[in-house]
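Take a look at the protein shown below.

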Amino acid sequence: DPQQIELATASKRKLRRFIVIDEVVDKLYGSKVREYFEENNVQHKILALPTTEETKSMDLVLNILHEVQNFSLDRRTEPIIAIGGGVCLDIVGLAASLYRRRTPYIRVPTTLLSYVDASVGAKNGVNFLQCKNKLGGYTPPVASFLDRSFIQSIPRRHISNGLGEILKMALMKHKGLFDLLKNHGKYLLDTKFQSCNGFADHRDAALQTTRIAIETMLEELAPNLWEDDLDRLVDFGHLISPELEMRVLPSLMHGEAVNVDMAFMTYVAHARGLLDAEEKEQILQCMQGLELPVWHSGCSWALIQRALRERLKHSGGQPRMPLPTGLGVADIFNDTSEETLERAYELWVKD
């Protein structure tokens with residue numbers, strides 16, 4: 001809003017910012033963040049917190065809100081800034097949505113997963129009663145600032161973890177993105193998604209991959225930001241994974257749990273005749289090339305049944321199961337029989 005910008009810049013009051021940063025990110029980049037605000041003469045408060053799935057709770061939200069209250073924000077002109085992975089962005093988003101009913105906030109993702117997933121859309125939330133994101137809301141940020149240089153300092157496994165969510169969009173919506181991952185996956189892992197000169201064979205695979213992933217995610221989310229329509233292709237990999245991820249914490253990261261779910265659903269699609277054997281193998285080989293798990297011992301038949309029952313509770317009594325119908329194309333199905341699921345499970349475990 002030009003009028004608000006004019007008011008903010010014309011004001012004699014010193015610019016002020018409240019920043020929540022993941023404590024690991026703070027150790028790596030905190031000094032640069034502080035230097036930036038000091039050089040720009042911005043009064044600031046930086047709150048470094050442990051933001052993990054285990055700490056993703058209402059207690060941490062309230063902790064943030066106590067500090068926000070002490071800092072005394074102007075809720076119209078002083079957005080809260082979240083710098084961290086998806087958990088950090090989710091927690092801060094919920095805190096901002098609660099403070100004075102809605103305080104603007106900015107997302108700065110620092111992991112590949114949060115770069116292509118949590119930075120996009122309106123959702124925020126915390127875990128509750130051992131259920132993933134059981135408390136939350138829909139409050140989009142005023143901005144997301146995307147900087148791939150953060151990704152160079154995260155471990156290889158975390159990059160693989162983010163590739164799980166990128167592969168989701170490739171399988172659901174974009175054969176070209178699938179081909180990029182299949183052909184350049186190892187290179188992206190080796191170079192940690194940095195744009196490198198002198199690799200003509202790979203062009204700028206990092207930029208292409210992240211851009212297509214975010215654009216396809218936006219195509220799906222933007223017309224349905226508040227999930228009025230429950231038929232969502234972006235739910236692929238998210239039918240069984242919430243139950244699995246919480247059950248085996250901390251052995252699987254979010255993108256890894258999503259990929260285990262996607263691997264099983266690939267077998268379901270094959271059992272239904274939606275994918276031929278070669279397409280199924282191409283998907284599994286791509287997953288393994290991205291160093292993602294295609295099976296986990298915690299994903300028992302009983303857990304799958306429980307997860308799908310839970311799915312029915314919050315999807316209007318229908319499973320609304322997204323399944324690939326080829327490479328880069330998909331549809332939503334409500335008629336997958338128990339027999340087909342069990343046959344797919346037995347083949348998956350055997351393989």
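Helices and strands are DSSP runs, numbered from the N terminus; a helix needs at least four residues and a strand at least two. By that count, the protein chain has 13 helices and nine strands. The model is predicted.

**Overall build**

The protein chain holds 351 residues, and 52% of them count as buried. Its C-alpha trace spans about 70 × 50 × 35 Å along the principal axes.

**Salt bridges**

Side chains of opposite charge can pair when their charged atoms come close. The whole structure contains 26 salt bridges. Three of them are listed here.

| Salt bridge | N to O distance |
|---|---|
| Asp90 and Lys56 | 2.8 Å |
| Glu310 and Lys134 | 3.3 Å |
| Arg311 and Asp235 | 3.2 Å |

Start with Asp90 and Lys56, whose side chains meet in a salt bridge. Asp90 lies in helix α4 (residues 86-98), while Lys56 lies in the loop between β2 (43-49) and α3 (58-71), so the pair ties together parts that are 34 residues apart in sequence. Are these two residues buried or exposed? Buried means under 20% relative accessible area. Asp90 has 13%, so Asp90 is buried. Lys56 has 3%, so Lys56 counts as buried too.

Next come Glu310 and Lys134, also joined by a salt bridge. This pair links distant parts of the chain: Glu310 is in helix α12 (residues 301-313) and Lys134 is in strand β6 (residues 131-138), 176 residues apart. Glu310 is partly exposed, with a relative accessible area of 25%. Lys134 is partly exposed as well, at 46%.

Helix α12 also holds Arg311. Its salt-bridge partner is Asp235, which sits in the loop between α8 (205-221) and α9 (241-248), 76 residues away in the chain. Both Arg311 and Asp235 are buried. Which residues join them in a network? Salt bridges with shared partners connect Lys123, Glu227, Arg232, Asp235 and Arg311.

**A charged patch**

Glu338, Glu339, Glu342 and Glu346 form a negative surface patch. Glu338 belongs to helix α13 (residues 338-350). With a relative accessible area of 45%, Glu338 is partly exposed.

Conventions: Residues are numbered from 1 along each chain as its sequence is written. This is a predicted model: local features need pLDDT of at least 70, side-chain atom pairs count only at pLDDT 80 or more; totals for chains, interfaces and linings use all residues. Side-chain values use heavy atoms; hydrogens and water are left out. Patches are made of residues with over 30% relative accessible area and no salt bridge: like charges are joined within 9 Å, nonpolar side chains (Val, Leu, Ile, Met, Phe, Trp, Tyr) within 5 Å. Accessible areas come from the Shrake-Rupley method with a 1.4 Å probe; for residues, only the protein chains shown count as cover. A salt bridge is a side-chain nitrogen of Lys or Arg within 4 Å of a carboxyl oxygen of Asp or Glu. Lys and Arg count as positive and Asp and Glu as negative; His and the chain ends are not counted. The place of a charge is taken as NZ of Lys, CZ of Arg, CG of Asp or CD of Glu. Buried means under 20% relative accessible area, exposed over 50%, partly exposed in between (1.4 Å probe, protein chains only).
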